[in-house]
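Hello,

Here is the structure I promised to pass on to you. Have a look at it first, and then read on for what I found in it.

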Amino acid sequence: MSMIWMQHDTPIGAMILAGDTAGLAGAWIVGQAHFDGIQPEWREDVHARLLRDAVVQLDEWFAGTRREFDLPLAPRGTPFQHAVWQEIARVGYGETRDYGSVAKALGKPSAARAVGAATGRNPLTIIVPCHRLVGRSGALTGYAGGLPRKQALLAFELQGTSISMAA
């Protein structure tokens, strides 16, 4: 399947949105860890309905008028990563969970570090809200987009503060 992509500016910086006929495969912050960038075989398409729908929903989320996303998703990953991402998607707006609780929910209570690794590779930033995962003590831990972004996203959801990041 041919991947299409577009770039979209957001309050946390430029994001690359990519997908194919199966759904949205990625929503990455430009420069984030574990994103290899736009691939040569991808085709830019700023008019594709899937990508435009993602833009509208992200803009609504950043405006505070949307709390959940309604998009067909088709991220690439291992079965374990998919299970982690599906569990992360259950963490509600304004809530946080720790990596260990996600591991327990998956029936793998000793897999908190593996959950953390899978979370770091989440290709659907914001849409699969990995920013809502914290350390066991509630401390902010790694985020592929950087801890300042994670802190800003959590503050936005928990306190209704605006998001201001240098692109």
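Let me start with how the chain folds back on itself. Taking contacts between residues at least 6 apart in sequence, 58% join residues at least 24 apart. Please keep in mind that this is a predicted model.

Leucine 73 and leucine 24 are 49 residues apart along the chain, yet 4.6 Å separates their C-alpha atoms. You will find leucine 73 in the loop between α1 and α2 (79-88). Setting aside neighbours within four places in sequence, leucine 73 is in contact with Ala22, Gly23, Leu24, Leu124, Ile127 and Val128.

Now for the overall layout. The protein chain holds 5 helices and 6 strands, and from the N terminus on they run β-β-β-β-α-α-β-α-α-β-α. The radius of gyration is 15 Å, close to the 15 Å that the globule rule gives for 167 residues, so the chain is as compact as a globular protein of that length. Along its principal axes, the C-alpha trace spans about 45 × 35 × 25 Å. Buried residues make up 50% of the 167 residues. The accessible surface comes to about 8400 Å², and carbon and sulfur atoms account for 50% of that surface. As for charge, there are 16 positive and 15 negative side chains, with the centres of the two sets 9 Å apart.

The element I looked at in detail is α1. This helix covers residues 49-62, which makes 14 residues. From first C-alpha to last it reaches 20 Å, close to the 20 Å expected at 1.5 Å a residue. Which residues of α1 are buried? They are Leu50, Leu51, Ala54, Val55, Gln57, Leu58, Trp61 and Phe62. An α-helix has 3.6 residues a turn, so residues three or four places apart point the same way.

After α1 comes glycine 64, whose phi is positive, near 85 degrees.

I hope you enjoy exploring it.

Best wishes

Key:
Residues numbered from 1 in each chain as written. Predicted model: local features only at pLDDT ≥ 70, side-chain atom pairs only at ≥ 80, totals over all residues. Heavy atoms only, no water. Helix = DSSP H or I, 4+ residues; strand = E, 2+ residues; numbered from the N terminus. Expected span 1.5 Å × (residues − 1). Buried < 20%, exposed > 50% of the residue type's maximum accessible area, 1.4 Å probe, protein only. Rg over C-alpha atoms; globule rule 2.2 N^0.38 Å. Contact = heavy atoms within 4.5 Å. Areas by Shrake-Rupley, 256 points an atom, 1.4 Å probe, with all protein chains shown as cover. Lys, Arg positive; Asp, Glu negative; His and termini not counted. Charge placed at Lys NZ, Arg CZ, Asp CG, Glu CD.
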